[in-house]
Amino acid sequence: MADGDFKLSNVQGDIIVGLSKKTEIFFFFRVVNGTAFRTQLKNLVPLITTADQATGERTAIRAFKAARAGGANGVDGQTTLGEITENAPLLSVVGVNIAFSQKGLIALGIQDDLKDPLFTAGQRGDAFDLADKGTGNTKENFKPDWDAAFLQEQQAIHGVVLVAGDSFESVNGKLEEVKAILSAKGTSSIAEVATLAGDVRPGEFKGHEHFGFLDGISQPALKGVDNVGGKKPLPGQSLVDLGVALLGRSGDTVKGRASWAKDGSFLAFRKLPQFVPEFDRFLEEKSKPISDDFDDAPTPADILGARMMGRWKSGAPLRITPFVDNPVLAADPQRNNKFKFNPKSQEMCPFSAHVRKMNPRKDLDQFATASIPDPVAPHMILRRGIPFGPEVTTEEKLTKSTRYERGLYFVSYQSNLSQGFSFLQKRWANEKTFPPQEPVEPGFDPIIGQAHDEVRVMTGANDDNTNEPLRLDRQWVQSKGGEYFFSPSIEALNHVLSS
Ligand code: HEM
């Protein structure tokens with residue numbers, strides 16, 4: 001399949017580049033008037049941020065920061081501070097994207113089968129297999145313990161508008177513009193089902209998720225996007241086929257999809273509350289005392305947390321620096337992702353550590369074939385989530401229990417849900433024998449692994465005796481629902497979904 005005709009301007013910006021976000025609003029809606037929606041959507045398309053626009057915005061922001069820091073030339077010595085401030089509106093960037101559930105496509109009269117059974121059934125239909133908490137012990141009678149918005153049968157979610165930018169005011173203002181377009185001429189074509197807002201954490205915690213770990217370090221690079229025009233992947237970054245992210249491109253192995261689905265991507269949304277004080281209490285209670293007494297010696301709790309995540313809170317990978325954190329290394333993109341695991345050994349990083357379960361670099365090399373030289377590559381996802389909820393309060397720290405809901409609005413893009421998000425959750429995070437054929441059972445991913453009735457256990461937490469099992473008292477991440485969406489190309493938005 002040739003990708004020669006590929007254009008960033010045909011792809012929504014959150015998929016490939018990622019919308020710049022300090023704040024992001026997810027506006028979940030249902031279509032109440034399909035005919036009016038299709039007409040109004042035509043007027044919304046010019047507001048949709050494409051991947052080439054998102055690239056431009058990122059470059060402008062980086063240049064602005066570089067110029068401000070250096071006072072001289074910015075990125076590549078091309079852009080000066082004067083030039084950038086002249087273009088100041090660029091820096092108040094707000095991006096808009098839109099995606100539809102299967103029920104949403106049907107509400108618009110689109111009957112084509114996108115050939116992804118998980119998308120067709122919706123995430124509610126996948127909840128039992130994902131091992132979300134709920135009542136009932138079969139797929140048929142299972143009712144997940146989800147927020148009402150994601151459980152609606154009659155008022156089901158048809159789509160989501162994602163609005164991301166530099167402040168709540170600007171993002172909210174843009175959302176009002178979107179809503180005005182979708183209710184033009186006195187006809188409102190949509191009804192709100194839920195509005196959720198996420199925020200990057202404040203100050204020194206910027207970029208860190210609520211347990212405290214730096215997030216957004218490792219993403220796959222895409223062929224034809226990240227290795228052209230003088231660009232090359234960062235050290236350790238996997239270069240994968242464009243079709244891992246986009247339908248109808250090289251590497252998308254599903255046949256017979258509607259031609260208009262090309263350059264679209266499936267979006268998996270999950271609301272994932274995190275029980276932070278409880279997580280911290282576990283780390284304090286279950287970590288083994290250490291005798292090291294040097295200046296930067298990590299605390300026992302920090303060591304156990306790092307062994308569960310596979311990186312220190314700074315982002316430094318355990319595989320490179322297993323005994324002590326290294327914030328300088330963590331901040332260096334040339335080094336912070338440049339590692340492979342040592343198959344059969346979990347001395348440096350547990351087999352079950354979150355980043356090893358989610359990207360078992362080299363652990364699966366024994367399964368490589370001529371057609372799939374890197375067995376991890378087909379399962380790679382583009383992660384675009386954002387934290388939500390307040391910082392942990394003093395009261396919560398003292399009582400060691402959660403009072404205010406906080407966590408991660410998880411978003412991932414992939415061309416195939418049963419190879420991407422859903423696969424990672426079910427076959428790797430929740431599967432205690434994964435990675436396979438290790439000398440000792442790895443156990444569950446301690447961060448996101450889930451089981452219906454089983455007490456979760458991991459090995460490798462104790463670096464003095466990596467065979468020792470550690471019982472994980474509870475789940476500190478517990479899904480409250482979500483949906484599977486399809487984020488269409490700009491051409492499809494213009495010519496197939498609108499009229
Ligand atoms: C990496 C946290 C949910 C897939 C990471 C990293 C952190 C993290 C701190 C390391 C930083 C990085 O490499 O970018 C969390 C938390 C979650 C969560 C706190 C839930 C609240 C998920 C879910 C999935 C997932 C649901 C997919 C099923 C990944 C992947 C990586 C990653 C693919 C990159 C691994 C690599 O390439 O080395 N996560 N994550 N995460 N996570 Fe999660």
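Predicted model: local features only at pLDDT ≥ 70, side-chain atom pairs only at ≥ 80, totals over all residues.
The domain bounds come from an automatic or database domain assignment. The shell holds 27 residues, and the closest are Phe213, Ile217, Ser218, Met358 and Asn359. A residue is near a molecule if its C-beta atom, placed from the backbone, lies within 6 Å of it.

Two or more shell residues come from each of helix H12 (354–358), strand S12 (407–414) and helix H14 (421–429). H14 gives the most, with 4 residues. Helices (H or I, at least four residues) and strands (E, at least two) are DSSP runs, numbered from the N terminus. By residue class, the shell around the ligand has 16 nonpolar, 7 polar and 4 charged residues. Here Ala, Val, Leu, Ile, Met, Phe, Trp, Tyr, Cys and Pro count as nonpolar, Asp, Glu, Lys and Arg as charged, and the others, Gly among them, as polar.

## Numbering and confidence limits

Residues are numbered from 1 along each chain as its sequence is written. Local features need pLDDT of at least 70 and side-chain atom pairs count only at pLDDT 80 or more, while totals for chains, interfaces and linings use all residues.

## Contact between the domains

The C-alpha centres of domain 1 and domain 2 are 27 Å apart. Their contact involves 36 residues from domain 1 and 35 residues from domain 2. Two residues are in contact if their C-beta atoms, placed from the backbone, lie within 7 Å.

On the domain 1 side, the elements that give two or more residues are helix H6 (117–121), helix H7 (127–130), strand S9 (265–273) and strand S15 (482–487). S9 gives the most to this side, with 5 residues. The residues of the domain 1 side divide into 22 nonpolar, 9 polar and 5 charged.

## The chain as a whole

The chain has 15 helices and 15 strands. Its radius of gyration is 23 Å, close to the 23 Å that the globule rule gives for 499 residues, so the chain is as compact as a globular protein of that length. The radius is taken over C-alpha atoms, and the rule is 2.2 Å times the number of residues to the power 0.38. The C-alpha trace spans about 70 × 65 × 55 Å along its principal axes.

Of the 499 residues, 45% count as buried (20 or more other C-beta atoms within 10 Å of a residue's own, with C-beta atoms placed from the backbone). Among contacts between residues at least 6 apart in sequence, 69% join residues at least 24 apart.

Definitions and conventions
Buried ≥ 20, exposed ≤ 12 C-beta atoms within 10 Å, placed from the backbone.
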